Amino acid sequence: MKSTLKTCLAAVAYYSGAFLLVRLIHRHLFGPGIKILYYHRVSEAAPASGQLKPTPLAVGKFEDHLRHLRRFYHVIRLEEAVESLASGRPFPPHSVVITFDDGYRDNLTLALPKLEKHGLPATLFVVSGAIDGKPLWLDQVDSWFQESTVSTLRFSKMDAELSLETLAERREALGRVRSVLKTLPSRELGPALLELRGALAISGPDRQPAEAAVLTWDELRRMAASGLITLGAHTMTHRLLPTLEREEMRWEVAESCRRLSQELNQPVRFFAYPGGAYNSAAQAIIQEAGLVGCATKGAGFNPWGSDLT
């Protein structure tokens, strides 16, 4: 019901032109700036029943987004956006940058053909360790909750036993567990994941879930060769940097850039903070590495003079 209502309201705003007024008011209040949009996955499948996580954005909806952006905005490369923000050089009105996080295969198979069709550039921030074959740990947690047959979860990081009897309860439990895991210090996350895996009675080897397949290095090279895709780093293991010790943080940043540069034979200029999370230590490391740091604060709006670390 809520989804239908939101869809209807969005349609009214779009076709009445009301969003143009909202955009004008925003510009009047906050001045000129560049909006950075971020995506993760794109799907061609219809929403499946019984899934804990929402189905990724349908490719048809993604193309609707691109049509809208072409009509009402100027989609520019991240390189152009950074140059304008750093120098104060004017940029086209209503400028937008399209980005993708993590490095999922559907970015190549579904999103790139639509970007090529509409001639729009994008930036892909890659978790280098995932491309090397190490599963993304949050995707694993999602798949464990989906596959588990246990009806209750006893997990030491939670202050109460969690029911997994119904889909709604399982979905709520997953959200609570994910939130806790994201905040754990580095030394605690590995043991916590092992405990969680056992508590959910998951067997078999660690693997990236098939429905969330990631790119290979060859596929990344194909994306880079398209001429529309800029590639940036997104750590080695998708850890939230503020949960790490400084040297671990430095390794996540430096090694992810090294692997990208090594495999793609090109320098890496851009870095996206996993989860949009950073602190002063993370910013200092990004600055030391000569990178431009991208986060999701301020709903992605970046006025002139924005901090580029």
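A cavity is a set of points, on a 1 Å grid over the protein atoms alone, where a 1.4 Å probe fits but cannot get out. Its volume is the space filled by probe spheres set on the points, which are joined across faces, edges and corners.

Before you start: this is a predicted model, where local features need pLDDT of at least 70, side-chain atom pairs count only at pLDDT 80 or more, and totals for chains, interfaces and linings use all residues. Residues are numbered from 1 along each chain as its sequence is written, and side-chain values use heavy atoms, without hydrogens and water.

**Stop one: a cavity.** The structure holds two cavities of 30 Å³ or more.

Rings of Phe, Tyr and Trp (its six-membered ring) pair if their centres lie within 6.5 Å; planes under 30 degrees apart count as stacked, over 60 as edge-to-face and the rest as tilted.

**Stop three: another pair.** The whole structure has five aromatic pairs. Select Phe271 and Tyr273: their ring centres are 5.6 Å apart and their planes stand at 80 degrees, so this pair is edge-to-face. Phe271 is buried, at 0% relative accessible area (buried means under 20%, exposed over 50%, partly exposed in between, with a 1.4 Å probe and protein chains only). Tyr273 is buried too, at 3%.

How values were computed: 1 Å grid on protein atoms, 1.4 Å probe; cavity = no way out; pocket = protein on both sides within 12 Å on 5 of 7 lines; lining within 4 Å.
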